[in-house]
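Please consider the following structure, shown together with its sequence.

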Amino acid sequence: MVKVKYDSVEKRYGDTIAVEDAEVTVEDGEFAVLLGPSGCGKTTTLRCLAGLTKPTDGNIFVDGTDITDVHPKNRNIAMVFQNFALYPHMTVGENIGYPLKIAGVSKEERDRRVEETADILQISELIDRSVGELSGGQRQRVALGRAIVREPAVFLMDEPLANLDAKLKMGMRTRIKRLQRELDVTTLYVTHDQEEAMSLGDKLIVMDKGNVQQVGTGDEIYHQPVNRFVAGFIGSPAMNFLEVEKDGAVVRPSIDGAEFEFELDDDIASAYGTDGTFTLGIRPEHVAVRTTENPRCIPGTVEVTEPLGNEQHIDITFGDLSSEDLQFTVTASGSLSVERGDTVWLEFEQEHLHAFEQSSGERIATEEIVQSKPNVPDS
Amino acid sequence: MATKPETDTPVFETPGRFEKLYNEYEGTKWSRVAIYGGLSMYLLWTLFPVYWMVTGSLKTREGLLTFPPQWIPLQMEISNYVVLFTQRPEFWRFILNSMIVTIATTIIATFLGACAAYGFVAFDWPYDLDFHLPFYILSTRFMPPIVVAIPIYVIFRDIALVNTLPGLILLYVMFNVPFVVWMMKGFFDEIPDSLVESAMIDGHTHLGAFFKIVLPLAKPGLFASGIFAMIITWNELLFALIITHSADAATLPVGLSSLITQYTIQWELISVAGTIAMIPVLIFAFIVRDELVRGFSMGVDG
């Protein structure tokens, strides 16, 4: 039972706040992913747990024990670094066995466990090689091996796939997930790649500007983002936002020159509460594109199409405005035949609309709007 | 239909005079003549004095001083070597002193300097002290050493370090640490932090990681700064001359200089002692030459 708990952890560098008041709990055996743009404090959060960075304030508990002031070597935590951090003056086998060597494990026992680990990672034939001769993917596996060989209480990974090429990345992702399931070790994983995060994590911890924005499963975060940042950060292409003004059930953009309006379903309109301005968000796949005029739809002009085979991304502007605020990206079937300059009609799937307060970016009416679970997203 | 914009094609530029010259001579016989000719001149310039000294040690005094010079020694006299050690038996002691002082200084200075350099590289220092302190340390070598010779002599006399080996070692460590710090700083900068962090997570203390991970990786740097310290120490004359005055502590350079007296310069004996003095450094450099080349090219990753 290894549960990790951050209790109002804070890290400041002078006046700069790297992590502010982080409250995170990772359950035993859980795969938690810290996700956020670069500089959001996710790596600092991870390093605090590893003991490589000392929090300015707050405590971290592993297994109920306060480890905030414990030396990294005594934390029984393994970490995989972005650049793999293999010891260049040792062979693959020596690298994997090094934590055991420091711990004073006998040579025979060490060799046995190194071989076992190498077997799991399918690098047995590389054991006597020097790490300088390995490819990126092989180095990655050696780094993983060094981390799992000692059967740590917690497994930390700091962007372990960032230095690999795209194809290798996919394979390693599956491998890491399977390994984590098999070993059943509590894991914290840092990445800026939301697709990686969604596919790996049981629990996603989205961070921005040193603050934890939202904690939840991939589905929760994708479908019920708590604020505009999370909504915009998760999903590719990103969610479309529109500043709007609500008047009863009628909604119109609060931007000069936008000359359309549309009507909300009654239950949704009432869930948004009183009239006023707010930000409406909708994901590209929740906009239906029609090539024929339709009274319920909003006309727009196709700017760019990006065909991806089975589907395509279409950038659409409303009216003759070139404003960024009035540009939508939608995902449509690959069979839809449109070209730059065509006029199309967009229909928003109203149950998938997200509304955020304009000033704070907080979500309005979280629960009520998502009534049914929508189709599974493409990631 | 508009014509293609001209920027698509690279603009042709008339080659400059040097470029023309370079293109004309690159890889030709003449360029090779220039390169090898230049290198030969340089080798002659640096190696001839060595040749002259070594052959000089094998000539008689007359043969050494004759004019026109005896370019190739006519006879192989090893008697000079015998003469040096029978006339001046204390030369054995000079060699021994030099070795003790050099080895001790090299080890202590390299170790201390490496530790200091790592401290500057690895830790956070306020007010840019991680630059200013090493710079201060280096700045101790900016002034001409003779400036501090008298104060050092007085201090050493008061604490009874004059004419002792520990005194010399202490002095030379002080001279060498600045160079070692600056050389090692460069090497430690190249070692990624994540290696040390990884070692700490794997179970080392920071000190353990320094000895087991950082130092082995910085080995070429240690050898490079080690041989630097060694050469400086082995050849140092000024302070050895000032603070030693007998075979108890005098080093080989002091012994060498004693062959130049008011009345005569014993060229053949100087050649002998010089040849002997040259050998240890040569041997060491030869042994560690691979590491040394990597060290001087600053490459951590071979």
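The paragraphs below treat the domains, a sheet and a nonpolar core in turn.

The coordinates belong to a predicted model. Contact between the two involves 13 residues of domain 1 of chain B and 11 residues of domain 2 of chain B. On the side of domain 1 of chain B that touches domain 2 of chain B, at least two residues each come from helix H2 (29–56), helix H3 (61–65) and helix H4 (79–87) of chain B. The residues of this side of domain 1 of chain B comprise 6 nonpolar, 5 polar and 2 charged ones.

Chain A contains an open sheet of 5 strands, arranged in the order E13-E12-E11-E14-E20 with antiparallel pairing. Strand E13 (262–263) and strand E20 (354–356) of chain A are its edge strands, each pairing on one side only. Within the sheet, strand E11 (residues 240–247) of chain A runs antiparallel to strand E12 (residues 250–253) of chain A, and 4 bridges join them. Lys246(A) lies opposite Val251(A) in E12(A).

The largest nonpolar core comprises 156 residues, and those with the most contacts inside it are Leu156(A), Leu188(A), Ile205(A), Val214(B) and Ala273(B). Helix H8 (residues 165–190) of chain B makes the greatest contribution to this core, giving 12 residues. With neighbours within four places in sequence left aside, Val214(B) is in contact with Tyr118(B), Phe188(B), Ile191(B), Val196(B) and Ala209(B).

Note on methods: Residues numbered from 1 in each chain as written. Chains lettered and ligands numbered in written order. Predicted model: local features only at pLDDT ≥ 70, side-chain atom pairs only at ≥ 80, totals over all residues. Contact = placed C-beta atoms within 7 Å. Nonpolar A, V, L, I, M, F, W, Y, C, P; charged D, E, K, R; others polar. Pairing = 2+ DSSP bridges. Core = buried A, V, L, I, M, F, W, Y, C linked by C-beta atoms within 7 Å. Buried ≥ 20, exposed ≤ 12 C-beta atoms within 10 Å, placed from the backbone.
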